[in-house]
2 protein chains.
Amino acid sequence: MDAKSLSAYTQFSEEKLKKHNLFQTDRFFLDVYCLKAGQAQKPHAHEASDKVYVVLEGVCRFTVDGEVREHGEGIAVFAPAGSEHGVENPGPAAARLLVMMAPPPPSK
Amino acid sequence: MDAKSLSAYTQFSEEKLKKHNLFQTDRFFLDVYCLKAGQAQKPHAHEASDKVYVVLEGVCRFTVDGEVREHGEGIAVFAPAGSEHGVENPGPAAARLLVMMAPPPPSK
């Protein structure tokens with residue numbers, strides 16, 4: 001049985017947001033993103049993939065189609081296909097996100 | 001921005017496992033399942049959909065292709081397309097799961 005502990009994915013990078021992949025198929029991927037204060041994923045869009053972020057730890061500032069909101073632990077944010085979406089950790093605490101995308105974008 | 005709090009989905013049913021949908025498109029759905037002690041989703045398979053369960057609360061007994069394991073909070077369990085998979089809450093505590101499926105099965 002392929003089972004992973006979310007708490008095992010706690011490695012951050014000094015340079016940029018750190019992505020850890022848990023599972024990936026042609027249909028979806030599930031990652032954990034680790035963001036130190038000030039790190040971000042710049043707004044971008046995927047024409048044919050939906051994304052959901054779930055805040056595991058900390059507080060992040062999400063942007064979806066120009067709307068900006070801060071969300072903390074236990075909040076799930078939906079970025080539908082075609083939407084311009086991004087996330088940044090305004091700090092001061094570190095943040096971890098569970099990120100689901102369906103299907104993976106062509107480049108992934 | 002479409003954002004949902006996982007902690008808002010805490011309604012259980014006396015009769016059977018209670019499913020709460022957070023987001024659904026043609027590409028995926030994200031649900032919260034609430035299982036009282038003794039409640040279960042019987043083993044079944046989806047030929048063309050992958051599923052991931054993440055334990056939010058409690059302990060559940062997962063079956064994937066005949067392998068049986070109990071997992072608690074923060075564990076993500078992968079049930080790939082074609083696998084026979086199911087979950088039950090052996091109790092005594094209630095359990096809540098975050099459930100992602102890509103794509104939704106034809107009946108959903």
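User: Where does Asp65(B) lie?

Analyst: This is a predicted model, in which local features need pLDDT of at least 70 and side-chain atom pairs count only at pLDDT 80 or more, while totals for chains, interfaces and linings use all residues. Residues are numbered from 1 along each chain as its sequence is written, while chains are lettered from A and ligands numbered from 1 in the order in which they are written. Helices (H or I, at least four residues) and strands (E, at least two) are DSSP runs, numbered from the N terminus. In these terms, Asp65(B) lies in the loop between S6 and S7 of chain B.

User: Is phi of Asp65(B) positive or negative, and what is its value?

Analyst: Most residues other than glycine have a negative phi. Asp65(B) is a residue other than glycine, yet its phi is positive, near 50°.

User: How many bridges join S6(B) to S7(B)?

Analyst: Two strands pair if DSSP finds at least two bridges between them. The hairpin of S6(B) and S7(B) has 2 residues between the strands, and Phe62(B) has Arg69(B) in S7(B) as its bridge partner. S6(B) and S7(B) run antiparallel, and the number of bridges joining them is 5.

User: Where in chain A does Asp65(A) lie?

Analyst: Phi of Asp65(A) is also positive, near 50°. Asp65(A) has 13 C-beta neighbours inside 10 Å and therefore counts as partly exposed. Its place is the loop between strand S6 (60-64) and strand S7 (67-71) of chain A.

User: How many strands are there in chain A?

Analyst: From the N terminus on, the elements of chain A run β-β-β-β-β-β-β-β-β-β. Chain A has 0 helices, and its number of strands is 10.

User: What is the radius of gyration of chain A?

Analyst: The radius is taken over C-alpha atoms, and the globule rule is 2.2 Å times the number of residues to the power 0.38. The C-alpha atoms fill a box of roughly 35 × 35 × 25 Å along the principal axes. For 108 residues a compact globule would have a radius near 13 Å, which agrees with the value for chain A, 13 Å.

User: What percentage of contacts in chain A between residues at least 6 apart in sequence join residues at least 24 apart?

Analyst: Two residues are in contact if their C-beta atoms, placed from the backbone, lie within 7 Å. Among contacts in chain A between residues at least 6 apart, the share joining residues at least 24 apart is 66%.

User: How many residues of the side of chain B that touches chain A are nonpolar?

Analyst: 29 residues of chain B are in contact with 29 residues of chain A. Ala, Val, Leu, Ile, Met, Phe, Trp, Tyr, Cys and Pro count as nonpolar, Asp, Glu, Lys and Arg as charged, and the others, Gly among them, as polar. The side of chain B that touches chain A has 5 polar and 6 charged residues, and the nonpolar ones number 18.

User: Which strands are the edge strands of the open sheet of 6 strands?

Analyst: The sheet has the order S1(A)-S8(B)-S5(B)-S10(B)-S3(B)-S2(B), with antiparallel pairing. Each edge strand pairs on one side only; they are strand S1 (2-5) of chain A and S2 of chain B.

User: Which residue of chain B comes closest to the rotation axis?

Analyst: Copies are superposed by least squares on the C-alpha atoms of residues with pLDDT of at least 70 in both. Chain B is superposed on chain A by a rotation of 180° with 0.0 Å of shift along its axis (RMSD 0.0 Å). That is the relation of a two-fold axis. At 3.2 Å (C-alpha), the residue of chain B that comes closest to the axis is Ala102(B).

User: What is omega of the peptide bond that joins Ala102(B) and Pro103(B)?

Analyst: Pro103(B) has its place in the segment after S10 of chain B. The bond from Ala102(B) to Pro103(B) is cis, with omega about -15°.

Conventions:
A residue is buried if 20 or more other C-beta atoms lie within 10 Å of its own, exposed if 12 or fewer, and partly exposed in between; C-beta atoms are placed from the backbone.
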